[in-house]
Amino acid sequence: MCQKNHNKSNNLRKLKMKNIIKNTIAILAVAITFASCSTSDETISGIGSLKIEFENGFAGNALVLGSATLPTSNSEVLKISNVKYIISNIELTNEDGTTFTYPKSESYFIVDEETPASLLLNLTNIPAGNYTKVKFGIGVDESQFSMGATGQGDLWTRAQAAGMTWSWASGYKFLAFEGTFSSATCTDVSYMIHTGKTGANYNYTTTTLDLPTTALVRTTITPQIHLSTDLSQIIDGTNKINLSSKNGMGMGVMIMGGTDLPLITSNLPQMFSVEHVHNDPN
Amino acid sequence: MDFFSISSFLTNNQMKIKYFLWILLPLLASCSNDEKYVNVPLEFKVPSNFPALVYNIEVNPPTQKGFELGKKLFYDGRLSSEGTISCGFCHIQQNAFTHHGHTVSHGVNNLAGTRNSPPIQNLAYQTQFMWDGAADNLDFQPIIPLLSAIEMNGNLTSIMAMFKANATYSKLFKEAFTDGQINSENMLKALSQFMVMITSSNSRFDKYRRNEVGGNLTSDEIAGYSIFNSKCASCHATDLFTDNSFRNNGLSINPMVNDVGRYRLSELNQDYYKFKVPSLRNIEKTAPYMHDGRFGSLESVLNHYSNSVVNSETLDPILKQNGVLGITISANEKLQLIAFLKTLTDDQYLNDTRFSDN
């Protein structure tokens, strides 16, 4: 019985293949005809790729893990040991105003300063176009949480491997920013800032960035958007977080919830800016 | 069910359909070399006396294979770092899936936790999970004990590798989910399917509420139900006996633990010492009681509410009305309340072999 089916299936497949080849030739013929009519105007079509690179820094200087930063407005000097964040829900705006949303379940990226490969996001299957804006989220949004596990693929596994799951709540760390700080009253005191969903506060935020140069996604061009990340904005942005004042028990500063978390979350969009865009041929 | 057993059901006048299926078969065969398994949806009904369903079963509908996979996961100690602590280790069916005889449970390396293992029943109707609401979606609840260093201490990367190397798991993941992926998403969805199906809705109380055969309550039990409605039901609301809120019920603070309750999650001062109002179903079987299992009997629980409520800034106002701490309950009322609470025992659920470890 089985053998018979396979013969049948092989014959059918051969038939189908023949049809596919015939159709392809027909389509190609039509396409070539049209293409030869318009050589002057560029027809933007097909599918391409785009890369987004994150370069972490602090107040205009490059980030060197373990080295002292410039002082913040609260005169605190940090030695950063760990920076990770989840980038999600990437959306590109075309110059004609239309948007392309990267498939949600494929759009969760864990950017980790200590893992160089993670600093470069490779986005594929993007419609060719002239893109003038990029928008993305920091963290996991409410609509994703409301879907339960559905649509999260292997994110829990990747997040645990990267140390980006909470230990006491079933959620992700959206941002992990850790190290030590010194000030007039503290010397090399440890700090840990973790943002994420706490109870009913989602602490998810987004940022929208204009591109100084249009990103030209083509079948032959993969643009690279270089983002600079100013980590000082986490605690020294619109909202100023004084770490020294939170070292109450002398055990170090841990901000993982409470009233400071929404303040830090609202600082996060200001962290990101576009340094430049390359439109390099593949 | 494979193609041949489907075709054997077809009669002569369905020859056209049969012919159509013969054409389809090679297409199916070309997708995978395995026999195509057709997953069977499980029937899920909301009992008439229950509140509205919370879990989104349209996104993750329980199926035969999803349930089977979820059950296998639930009872598999290999998910823990030591290979011995399964979900079922601390959630024993005969005790409404609690850890009988344990104030708090012990996980890997014999490490003790700080909280009492809660029952697994009717979770599809629950909005908050864990004593402090650390999860507010059933899908994410298992992540907490699974990853906790003092519970299962599991490593998802190793767990996925174990599934992929295991023929039974590989087959089940493929059969249970249309994308057939072995990943954390499908693992959590299978666990939810298993837990969603664990319903306790056939206690004597349920039958009384639905006017069904076997729903007779004694006069003491009915009196107890009436007292319950006037003195307990504002928090232990609905026929599932919880309003899913977090409250400080005036327990004295154990200085050895100082469990701050929901504050641990929110770090908001208003949440100090607040814990989730638990369901009271099968309460007869789930001793010891409270978030830390401090009370060994229902009598002790009621004595707490009548005599031992401790005042604090976040004490629930219901337990401090007109400046009086606690709830006034007479000795006889306590007996009647306990008689009523025992009508919530559901032997069908406690002994249902569908949920049992094989």
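This report walks through a predicted model, from chain B and its helices to one residue of chain A.

## Chain B in outline

Chain B holds 14 helices and four strands. It has 358 residues, and 39% of them count as buried. Contacts across the sequence matter for the next figure. Take the contacts in chain B between residues at least 6 apart in sequence: 66% of these join residues at least 24 apart.

## Where the two chains meet

Chain A brings 27 residues into contact with 32 residues of chain B. The largest share, five residues, comes from H1(A).

What classes of residue make up the side of chain A that touches chain B? There are 15 polar residues, nine nonpolar and three charged.

## Helix H6 of chain B

Helix H6 of chain B covers residues 156-165, and Leu156(B), Ile159(B) and Phe163(B) are buried in it. Seen down the axis of H6(B), these buried residues fall within an arc of 60°, so they line one face of the helix. An α-helix has 3.6 residues a turn, so residues three or four places apart point the same way.

The other side of H6(B) has exposed residues: Ala161(B), Lys164(B) and Ala165(B). What do the buried residues of H6(B) pack against? They pack against H3 of chain A, and against helix H7 (167-176) and helix H8 (184-197) of chain B.

H7(B) has its own buried residues: Tyr169(B), Leu172(B), Phe173(B) and Ala176(B). They span an arc of only 100° around the axis, which puts them on the same side of H7(B). Their cover includes helix H3 (64-74), H6 and H8, all of chain B.

H3(B) packs on H7(B) at an angle of about 145°, and the two axes are 8 Å apart. Their crossing is left-handed. From H3(B), the residues in the contact are Lys65(B), Gly66(B), Glu68(B), Leu69(B) and Lys72(B). They meet Leu172(B), Phe173(B), Glu175(B) and Ala176(B) of H7(B). By class, this contact has four nonpolar, one polar and four charged residues. Leu172(B), Phe173(B) and Ala176(B) are also buried residues of H7(B).

## Helices H12 and H13 of chain B

Now for another helix pair. In chain B, the axes of helix H12 (residues 298-308) and helix H13 (residues 331-341) come within 10 Å and cross at roughly 130°. That angle makes H12(B) oblique to H13(B). The crossing is right-handed.

Which residues make the contact? H12(B) supplies Leu298(B), Glu299(B) and Leu302(B). H13(B) supplies Lys334(B), Leu337(B), Ile338(B) and Leu341(B). Five of the contact residues are nonpolar, two are charged and none is polar.

## One residue of chain A: Ser81

Ser81(A) sits in strand E3 of chain A, which runs over residues 77-94. Is Ser81(A) buried, exposed or partly exposed? It counts as partly exposed, because it has 16 C-beta neighbours inside 10 Å.

Leave aside its neighbours within four places in sequence. Ser81(A) is then in contact with Leu65(A), Gly66(A), Glu178(A) and Gly179(A). Met192(A) is 111 residues away from Ser81(A) along the chain, yet their C-alpha atoms are separated by 9.9 Å.

Note on methods. Residues are numbered from 1 along each chain as its sequence is written. Chains are lettered from A and ligands numbered from 1 in the order in which they are written. This is a predicted model: local features need pLDDT of at least 70, side-chain atom pairs count only at pLDDT 80 or more; totals for chains, interfaces and linings use all residues. Helices (H or I, at least four residues) and strands (E, at least two) are DSSP runs, numbered from the N terminus. A residue is buried if 20 or more other C-beta atoms lie within 10 Å of its own, exposed if 12 or fewer, and partly exposed in between; C-beta atoms are placed from the backbone. Two residues are in contact if their C-beta atoms, placed from the backbone, lie within 7 Å. Ala, Val, Leu, Ile, Met, Phe, Trp, Tyr, Cys and Pro count as nonpolar, Asp, Glu, Lys and Arg as charged, and the others, Gly among them, as polar. Axes are lines fitted to C-alpha atoms, for helices over the stretch in contact, and angles run from 0 to 180 degrees between N-to-C directions. Angles under 35 degrees count as roughly parallel, over 145 as roughly antiparallel, 65 to 115 as roughly perpendicular and the rest as oblique. A crossing is left-handed if the near helix is turned anticlockwise from the far one by less than a right angle, and right-handed if clockwise. The arc is that of the directions from the helix axis to the C-beta atoms.
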